[in-house]
Every structure is written in structure tokens, then in C-alpha cells.
Number of protein chains: 2
Amino acid sequence: MAPLRSWLPIDPRSHFSLHNIPFGIISTSADSKPCPAIAIGDHALDLRAFTAGNGFAALSTIQPHQSVFSESTLNAFAALGRPLHKVVREYLQSVLLKDGPFPDVLEKNEKLRQSALLPLEDCDTHLPLRIGDYTDFYAGLHHAHNVGVLFRGPQNALQKNYKHLPVGYHGRASSVVVSGTPIQRPRGQILVDPEKGPELSPCRKLDFELELGCFVCASSDLGESIAVDDAPDYLFGIVLMNDWSARDIQAWEYVPLGPFNSKNFGTTVSPWVVLMDALEPFAADGIENDVPSLPYLDERGRKSNFAIDLTVTLRTASGLTSTLTKTSARNLLFSFPQMLAHHTVGGCPFNVGDLLGSGTISGKGKDEKGCLLERSDNGKIEVELEGGERRLFLEDGDTLTLSGVCGQGDGALVGFGECTGTIVEAVR
Amino acid sequence: MAPLRSWLPIDPRSHFSLHNIPFGIISTSADSKPCPAIAIGDHALDLRAFTAGNGFAALSTIQPHQSVFSESTLNAFAALGRPLHKVVREYLQSVLLKDGPFPDVLEKNEKLRQSALLPLEDCDTHLPLRIGDYTDFYAGLHHAHNVGVLFRGPQNALQKNYKHLPVGYHGRASSVVVSGTPIQRPRGQILVDPEKGPELSPCRKLDFELELGCFVCASSDLGESIAVDDAPDYLFGIVLMNDWSARDIQAWEYVPLGPFNSKNFGTTVSPWVVLMDALEPFAADGIENDVPSLPYLDERGRKSNFAIDLTVTLRTASGLTSTLTKTSARNLLFSFPQMLAHHTVGGCPFNVGDLLGSGTISGKGKDEKGCLLERSDNGKIEVELEGGERRLFLEDGDTLTLSGVCGQGDGALVGFGECTGTIVEAVR
């Protein structure tokens, strides 16, 4: 399929091609009240201004719902459901299409262009949805294996349940922040010297985790299960997610109830939610599971992972940037529909805006690790950076950036932009 | 101190004496829109109607904030902060006091009494606060010890971290429900026969957990720590909490990231939040910790647990009720201020309405166990009930009720009422 072309100049390498149309929440210095927008090339289309300027006049199905574009989160838009997401996304594509059916809506409407089409660099982005509950899974098989080898040896690397169900735990919704938010190095109890007992100390093993996040767009009741075949209807879209981790705090606190303060000091998501419809052309198999799924998890061969190329870079205080990781989001043993089916099999209720994390995504290769714990062998092997610097874990002033994109650089990229955060010094 | 007496007839054994004044959310068949109320004897005082009838006219400090009593949750009232909770509670006590200073407000105002003072039996109660995040701790030392003995033997019963920090994990806020909500037996993956692998099955080891829940009434920012000395200012009040648990699902799923579907099918809280001020006369030491606290957890002898007498009863489908447990809420190794200080030491942010669970409260004696896992030795020793029935775990049709009260039965009880739920059959 030839790439769609827009009348708006878009760099062919832009993550936000006409094939994408991701949704987010923006504000500007001129209008500090956050509102929904889409990203297109190096612009944001402010959907509150677009609505106010009758941009949706030609789309009768959205008329009764236009107030969703005046909200300060995407929850109300998400709650409209996937058929309406598709209608809105395709309409906005057609409005932006070169020689498209609606030239008068925006292309030839200078007043609306001026009020609604804003340079991305002038926009602040905000958390795209109000998150009710956040769950983090552990579906990155290679990551789980590598971490298991570190802590239990190669014979017992994976726990017995691992391939039977998507292992997950409840995370802290209040600590999910949007890309760009500084991340303060956490303090916590750390067992440095077992003779002395634990001490309260700034984390010495601060790590990132390369993940995908998936927002939920429909609710379910207490006691209700979502079938794996119905689960795609509950998925709004995907973001990149960095589940910052304090490995030394985690090592001391995590038995027997799992990670806690080692995770709840910050989890960063990218600002632009790529809708499930935009990702559909890139649907792919994940890692083949050599353990047969129970029927409630059986997708019967449906491709419900995605061929997203993922990159992790580290910019140190020196200003030099090094690539730490290049891998693919296909490195997952379970898909988001499987995660949602498992999560609700016992009747756990869901709300619009709930967030599912994939778990850390690592490939098999040395340069495909989704965290420094794996890359540095838990602090034993230094990672060499540009300019001769080295890292075992993250240092103050380091900026860690996740990036992800689907497709080739031909003006048809469906990308996520960046998910970035800079480490700032701990409070003493 | 002699008990305070009200002009309103109150049974001296009522949990809702004039010394209590707990806050909740009610609706009635005449007015289905939920609103704040207090419980007093066998009545609820509808605070929306009380406000509308100028009940707060004499209380100038609350005038600018009266809209909090038109909300459908207590979040806005909680957010006013502890000094205002105290003012409102003491004012309502004085309005209800026999020969008190404000006879014209309610006692001699028949119109307002008729609109605002409702028989409790005519009221439906609702979840008292909108919960952002819910965290469950594990501070019941005897419970942790008993469970540790079951799974790791007496030599390794407590993990090494246990006495150094309040162990906790993030729970599922969406699954917290108010007392009276039926609890559907969850399905889940269970490893019955290791040869065959896990199967999807209704839980066969359904359990209750006797806990206290504590609601938070002030927010903190990402990166901010709450000092243990400041933590009481962040606490709104306490409820009883039943953290229903599926032991067989938990046994298979919980490594390495902790409990998940074994918990998120329902957690029940009592409807009436007993304010911290009401509990202050019953402040008591918890379990003495023989491991010195790090300074950030050191309360320097302050009594911040509570002498709450706790009872658990089980009514079976036969209609007969048996007492399973009698113990005290003093059986906690850490207090809520310590939990909050630990939770935020790394910078985890809090919102008004967040809920902290104490962890299961068990005493040392056989009849003081806070769950059936302990009581039945993980399904090996039958618990004898009234009428000759026996239980290892909960059966469909069982109604489990937690109850808790401070003080003697002299018309000055500060109690929680009941936290109850009936088990209904699993979906197949």
C-alpha cells in the first residue's frame, strides 16, 4: 500500500505519519487548560479548538459526543468505544489527506488552522488518561529468564507457573507520570551489610525497564470475566512505558508479597496513545509458547502482539548519547488480550483508563536487554558508553529515553515518539 | 469520664454512641442519590438534608465548605483535614447532646428531624470514599508467623525483612466494595495435580482475612516523603476490612511477584468510617518490636495502635451463626503512621481516599486466628461450627461478618458496626 500523503508537510521519518493519528493531552502557554489532541508530523491538532471551530460538522456520529474533546483526559473519548475511535481517527485522516474529501474543514480554513494546528514544540503534554488501577505483567520471556538465571541459576530460571499464565502484580496508579517528568532517585531500606542490618539509603541500583503500556477503554463489573476473544474491544491503545526500578530496595523488600517501594517512586509513559486500529497492520506473533494454553487464554493463532522496533538510549550529564538496547515488542509470551482475560477470570473489575504493563521486553542478544540489571549482570559487568563513560546502573543526571516505531521510514511510520525521564538526586 | 448522653434514645450497647459519630455514605428509597451521613444509635443523620435545613448555621468555620455534604463520597469532606473533621464531629456531638447548647438545631426542629434523621434500617450504605490506590500491609505478626510456619516451617517462619519494615503490596482499588456486597467465588488457575498441570477451577480454598483499613485524607507529591510524626495528619479514619483470599489460586500464582487474582475478586470494607479523633481515647501499644526501628519509622513510644475488640462470625446457609475469632487490633507490629511513612519514604505519591490495609490480624490463641488458613492449618483441621457443621474453608452461602468495638458497653462504645459478605456460587 502506498503511504497516505497529507497536505501538511510531514517528514517521512516522523513517527506521527498520516497512518498513525495518536491521541494525547496537551496544553500551551496561551491556553494552560489541558485538552485532547492528535499528533500529526511535527504538529498537534488541538481537538477542543477543532471542535469549537466546527471541525466535526461533517461527522454526524460524533456530534452527540463532542464534549469528550473538552475534557482534560482521554477517558471520556476512550469510553466511546473502539467503533467510534475508528470513525474519529479515519475522519481526521481524511481531513488531513492531500486531495482529500474535506479540504474546507482545515486545509483551506486558515482561521481553524491557526487556532487548532499547533507546533508540537509549543505544546506541553500530560498524562493521557486518568488511571484507576495499574497492573504490571511480566510477559517478557527472555527478561524473566535472564533475571531468573541471575537470582536462581539456569536450572530454575523460570518459575513453574510462568508459561501457564501471565504473571503480574498490582502497581501504584498514583505514581504513573508522563514522559519528561524528572525522576527523583528513591530512598529506601537496603541491606548493604547483613551483619549491620538494613539502612535507609538512596538507591544504588537504579534501573529502567523497557515496557509497553496498554490503556483500557471499557469497564467490567465485579464478578465479570472478559473472554480472550472479546478482550480486544476493551483495549484503547498503547504507549511506551518505563517502569523505573530500584533493584537494591527490591531485593530486600520483595519477599513474600512482591515489589513495592522499589517501583512506586515513578513509572513513565509516553504522551501519545497509539490506537489499536493504527497498530493493526503491524500485528504479529509474540514468542511461541511451548506450553499449551488453557482455553480461557487460547487465542487460536490470532496475532495479537505487534512488530514494534524498540530502542533505548542513555544521555549522560556530559551530553553524549549512547544506544543501550535495540529489540522488538514481539518478545512477549503473552498478549494484552491474554493479560486482560487472565486478570478478569476471577471477576476483577475494570474501569476505563486502567493501565496494563507488558513487563520488561528483552531480546535474546546482548544488545537487546530491556534493563540494566540484565545488561550489567546485576552490577558486575560495566556497560560502555560513548565518550568512555561506563554504567552499572543509572546515575544522577542520566536521561533515559525509550522509543518505538512500526514500519519503514517511507512516510508511513506508526510510532510512539519518546518516553523519557532524567534522574535527579535523592532527598537526604 | 461519664458517658455523653443524647436526647435521642440510643441503646447503651450501640456501636454508634455519642462518643463515636462515624461518617459514611447513604441513600434511601426516597432519595437514591448517595450523600454523606453520620451514624448515631440506630439512626443516620443525612448531612445533605441537615445542611439544606441550615443545620450548620451555627458553625461558621464549615460555612465555606458545606458543599462537601452534597458529594456522593466522603473525599471532599476528608480533604478538609483533621482540624475540620474535629470541629464538625464535636459540633454534631453537641447538637445531639442532651441539654446541649444547640437544642433548636435538631432536637426541637421537627421538620429537620423528619428530613434528616433516618432509621438506619431504611438506609443503603455505599463505599464511603472513592479509592485512588489501595495498599495492603502484612503487619499482623502472629498471622505472618503462623502462615510462615505453614509454608516454610518454624525455623524460617518470618522473612528476614519482616521486623524491619512494614511489608506490603499494592492491591486492586477497583475491587474494594462496601459491606453487604455478595462475593462471587472466583475461578482461577489452580495446580491440583502437578502431573496434569494447572486447571481453571472455582476456588476450593476460599478464605477471609480480618483486617483494619485506614483512609488517607491528604495528598502528597511524587518525590515527597511523609515523616512518621506527620503521618497522623494524613489519616482520616478506620474501617473493618475483609481481604477475601483464594488460597489455592494464590499458591500457584504468587511467585515471584506476589498475590494477584487471589485477592482482586473482592475486598469488603465496613460502611462507617470511625474518625481518628474518635479512636484517640483507645490508643494503645501494638506488639512490641524486638528489632529497633530505623529513625524514619521510630514513633518514640507514641501509642498509635488501637484497643479494638474484633470478632468474626460465620453464618451458614442453615441460618446458624458461629463465632470463629475473638482478638484485638493491638496484634499489629506496625501502626498506620509507620505504614504511611514507609510507603512514602521513596517518594510514592498519595491522594485523598487512598486506602491502607493493616494485614490480617491474629492473636496467639487458637480462637484468635484472623483467617481460616491458620485456623484449619491450610485445610487439614476442621473447624467445628454450631449445629454440627464443619469448615476447612468458606462454602457457598456462608456469610462472614467482622465486627469491632472499642470501650465497655456503657453507652460510650466506639464501634465499627459490621463488615459482612455472603459467598455466592462461582461462574462456570
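In the predicted model, Gly24(A) has Ala37(A), a residue of strand 2 of chain A, as its bridge partner. The two strands concerned are strand 1 (residues 23-28) and strand 2 (residues 35-40) of chain A, which pair in the antiparallel sense over four bridges. Helix 3 (residues 82-96) of chain A packs on the sheet and touches strand 1, strand 2 and strand 3 (43-46) of chain A. The direction of helix 3 makes about 55 degrees with that of strand 2 of chain A. The sheet itself is open and consists of five strands of chain A in the order 4-3-2-1-5, with antiparallel pairing. Its edges are formed by strand 4 (117-119) and strand 5 (123-126) of chain A, each of which pairs on one side only. From one strand to the next, the twist averages 50 degrees.

A second open sheet of chain A also has five strands, in the order 9-26-25-20-21, and here the pairing is mixed. Strand 9 (183-184) and strand 21 (321-328) of chain A stand at the edges with a single partner strand each, so one side of each is left without a neighbour in the sheet. Within this order, strand 20 (residues 309-315) and strand 25 (residues 399-406) of chain A run antiparallel and are joined by seven bridges. In this pair, Leu314(A) stands opposite Leu400(A) of strand 25.

In chain B, strand 20 (residues 309-315) and strand 21 (residues 321-328) pair in the antiparallel sense over seven bridges. Arg315(B) stands opposite Thr321(B), which lies in strand 21 of chain B. Five residues lie between the strands of this hairpin, and Gly319(B) takes a positive phi near 95 degrees.

The C-alpha atoms of chain A fill a box of roughly 75 × 55 × 35 Å along the principal axes. Of the 428 residues of chain A, 62% count as buried. When contacts in chain A between residues at least 6 apart in sequence are considered, 72% join residues at least 24 apart.

The same surface serves both copies, since 100% of the contact residues of chain A recur in chain B.

Helix 8 (residues 336-344) of chain B is largely enclosed by the rest of the structure, because nine of its nine residues are buried. These buried residues are Phe336(B), Pro337(B), Gln338(B), Met339(B), Leu340(B), Ala341(B), His342(B), His343(B) and Thr344(B). They pack against five strands of chain B: strand 6 (134-137), strand 7 (168-170), strand 13 (210-216), strand 14 (235-242) and strand 22 (355-357).

Cysteines were considered next. A search of the whole structure finds zero disulfides over all chains. Cys203(B) is in no disulfide, and the nearest cysteine sulfur, that of Cys371(B), is 13 Å away. With a relative accessibility of 3%, Cys203(B) counts as buried. Cys406(B) is likewise in no disulfide; for this residue the nearest cysteine sulfur is that of Cys214(B), 13 Å away. The relative accessibility of Cys406(B) is 0%, so this residue counts as buried.

In chain A, Cys203(A) is placed in the loop between strand 11 (199-202) and strand 12 (206-207). Cys203(A) counts as buried, at 3% relative accessibility. Beyond residues up to four places away in sequence, Cys203(A) touches Arg185(A), Pro186(A), Arg187(A), Ile190(A), Ala246(A), Arg247(A), Asp248(A) and Ile249(A). The C-alpha atoms of Cys203(A) and Ser262(A) are separated by 9.0 Å, although these residues are 59 residues apart along the chain.

How values were computed: Residues are numbered from 1 along each chain as its sequence is written. Chains are lettered from A and ligands numbered from 1 in the order in which they are written. This is a predicted model: local features need pLDDT of at least 70, side-chain atom pairs count only at pLDDT 80 or more; totals for chains, interfaces and linings use all residues. Side-chain values use heavy atoms; hydrogens and water are left out. Two strands pair if DSSP finds at least two bridges between them. Axes are lines fitted to C-alpha atoms, for helices over the stretch in contact, and angles run from 0 to 180 degrees between N-to-C directions. Contact means heavy atoms within 4.5 Å. A disulfide is a pair of cysteine sulfur atoms within 2.5 Å. Buried means under 20% relative accessible area, exposed over 50%, partly exposed in between (1.4 Å probe, protein chains only).
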